[in-house]
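This report describes the fold and surface of one protein chain, together with a few of its residues. Please consult the sequence and the model while reading.

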Amino acid sequence: QVQLVESGGGLVQAGGSLRLSCAASRSIFSIYAMGWYRQAPGKQRDLVANITSGGSTNYEDSVKGRFAISRDNAKNTMYLQMNSLKPEDTAVYYCNAQLKFGFILRDYWGQGTHVTVSS
C-alpha cells in the first residue's frame with residue numbers, strides 16, 4: 001500500500017505557473033506507474049500525465065508542451081510542473097499510483113489539490 005499527499009495547488013492568473021507535488025509514504029522506486037489526473041466541476045476524472053518506473057512519460061494532448069511530469073525517487077515524490085496555465089486547466093488535481101501485485105494493478109489516490117486559473 002501507499003498513501004499519497006498532494007500539495008502546491010492554488011489560484012494563479014492565466015499564463016502563470018504552478019508546481020504540484022505528490023509525496024508518497026513509501027519508496028516509489030518500484031511503483032509501476034504514477035500519474036496526475038484532474039476533475040473539473042461536473043466532469044469526469046481524466047488523465048493529465050503519467051510516468052512509469054522506467055521514466056517513460058505520457059501526456060494528455062491539451063497539456064503537451066506546457067506541463068512536465070517528473071519523479072524524484074530519493075525523495076519519494078512526484079511532481080507536475082504546469083506552465084502557461086489556462087482557465088480550462090482549473091480542476092482538482094489528483095495524484096495516482098499504480099502498484100503491481102502479480103498480474104493485478106491496484107490504484108491508490110491522494111485527496112486532491114485545487115488549481116484555479118483566472119482569466
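## Contacts along the chain

Counting contacts in the chain between residues at least 6 apart in sequence, 54% join residues at least 24 apart. The model discussed here is predicted.

## Secondary structure and overall form

What does the secondary structure of the chain consist of? It comprises 11 strands and zero helices. Written in sequence order, the pattern is β-β-β-β-β-β-β-β-β-β-β. The radius of gyration of the chain is 14 Å, and the globule rule gives a close value, 14 Å, for 119 residues, so the chain is as compact as a globular protein of that length.

Taken along the principal axes, a box of roughly 45 × 30 × 25 Å is filled by the C-alpha atoms of the chain.

Of the 119 residues in the chain, 40% are buried.

## An aromatic pair

How many aromatic pairs does the chain contain? The count comes to one. The pair is formed by the rings of Tyr37 and Trp109, whose centres are 5.0 Å apart. Their planes stand at 70°; planes over 60 degrees apart count as edge-to-face, and the pair is therefore assigned to that class.

This pair links distant parts of the chain, since its members are 72 residues apart. Tyr37 belongs to strand E4 (residues 33-39), whereas Trp109 belongs to strand E10 (residues 104-109). Trp109 has a relative accessible area of 35% and is partly exposed.

With a relative accessibility of 42%, Arg106 counts as partly exposed.

Which residues does Arg106 touch, leaving aside those up to four places away in sequence? They are Ala97, Gln98, Leu99 and Phe101. Arg106 can also be compared in position with Gln1: the two residues are 105 residues apart in sequence, and their C-alpha atoms are 9.1 Å apart in space.

Conventions. Residues are numbered from 1 along each chain as its sequence is written. This is a predicted model: local features need pLDDT of at least 70, side-chain atom pairs count only at pLDDT 80 or more; totals for chains, interfaces and linings use all residues. Side-chain values use heavy atoms; hydrogens and water are left out. Helices (H or I, at least four residues) and strands (E, at least two) are DSSP runs, numbered from the N terminus. The radius of gyration is taken over C-alpha atoms; the globule rule is 2.2 Å times the number of residues to the power 0.38. Buried means under 20% relative accessible area, exposed over 50%, partly exposed in between (1.4 Å probe, protein chains only). Contact means heavy atoms within 4.5 Å. Rings of Phe, Tyr and Trp (its six-membered ring) pair if their centres lie within 6.5 Å; planes under 30 degrees apart count as stacked, over 60 as edge-to-face and the rest as tilted.
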